[in-house]
Amino acid sequence: MSDGDPARPATGVLRDSVAELLSTLEQQRQAMTEVRQRLAATTVSVWSADNLVRIDANTAGVPVEVHLTPEAFKRSTPEKLGRSILETAQRAAREAADLSREAWAPVREMAGEIPDLPDIAPGMPSIKSLTADLFPDPVTEAEPPTPMDREEEDEFYRSRGYLEGGR
């Protein structure tokens, strides 16, 4: 090819676009690493409405500590305490999910600003679809199950309903 070749400027533009894309991807990779490290070291603490239970959860929403105050056994029944623990764990999971979404927001914004590979080189796989798979939209929250009464609970365990995925 000679310097007067019309394909030369297009090749230079493509090379610059790919270099810019790679630079942005590296920035995004670094940002993702920082977010992962920060989230790995973060927990949320949530107290129950009756202040008898505290749940500490990691940013995946998994409880890492359950704390019951000494008064919990004096001021509550096992059924109420169980509901309090469940509600508090669910709130902790929601707060952890919110915290995680907030932490990932700048990375998601960065992903939206970069051109996608098919924009630069038709036929290439889409990086944006990959990030959409990595960061899916949160599932809408389902209604919590209604608590079983004593007879339902006894039958549930007697019939081994827990083994069949019931309630």
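This is a chat about the structure shown above.

User: I'm new to this one. What kind of model is it, and how are residues numbered?

Analyst: It's a predicted model, where local features need pLDDT of at least 70, side-chain atom pairs count only at pLDDT 80 or more, and totals for chains, interfaces and linings use all residues. Residues are numbered from 1 along each chain as its sequence is written, and side-chain values use heavy atoms, with hydrogens and water left out.

User: Which residues form the largest nonpolar core?

Analyst: There are 10 of them: Val44, Val46, Leu52, Val53, Ile55, Ala57, Ala72, Leu81, Ala92 and Ala96. At least two residues of this core come from each of β1 (43-47), β2 and α3 (78-113). A core here is a set of buried Ala, Val, Leu, Ile, Met, Phe, Trp, Tyr and Cys residues joined through side-chain atoms within 4.5 Å. A second, separate core has 8 residues, including Ala31, Val35, Ala103 and Trp104.

User: Why would nonpolar side chains be buried together?

Analyst: In soluble globular proteins, nonpolar side chains just tend to be buried together.

User: What does valine 44 touch?

Analyst: Leaving out residues up to four places away in sequence, valine 44 touches Ile55, Asp56, Ala57, Ala92, Glu95, Ala96 and Leu99. Contact means heavy atoms within 4.5 Å.

User: Switching topic: where is threonine 59?

Analyst: Threonine 59 sits in the loop between β2 (53-58) and β3 (63-68).

User: Is threonine 59 buried or exposed, and why?

Analyst: Threonine 59 counts as buried because its relative accessibility is 14%.

User: What's around threonine 59?

Analyst: Not counting residues up to four places away in sequence, threonine 59 touches Leu39, Thr42, Ala96, Ala97, Leu99 and Ser100. A polar atom of the threonine 59 side chain also lies 3.2 Å from the backbone oxygen of leucine 39.

User: Last one: where is valine 18, and how exposed?

Analyst: Valine 18 is in helix α1 (residues 7-40). With a relative accessible area of 33%, valine 18 is partly exposed.

Methods
Helix = DSSP H or I, 4+ residues; strand = E, 2+ residues; numbered from the N terminus. Buried < 20%, exposed > 50% of the residue type's maximum accessible area, 1.4 Å probe, protein only. Polar contact = N/O pair within 3.5 Å; in protein donor to acceptor, adjacent residues only side chain to side chain.
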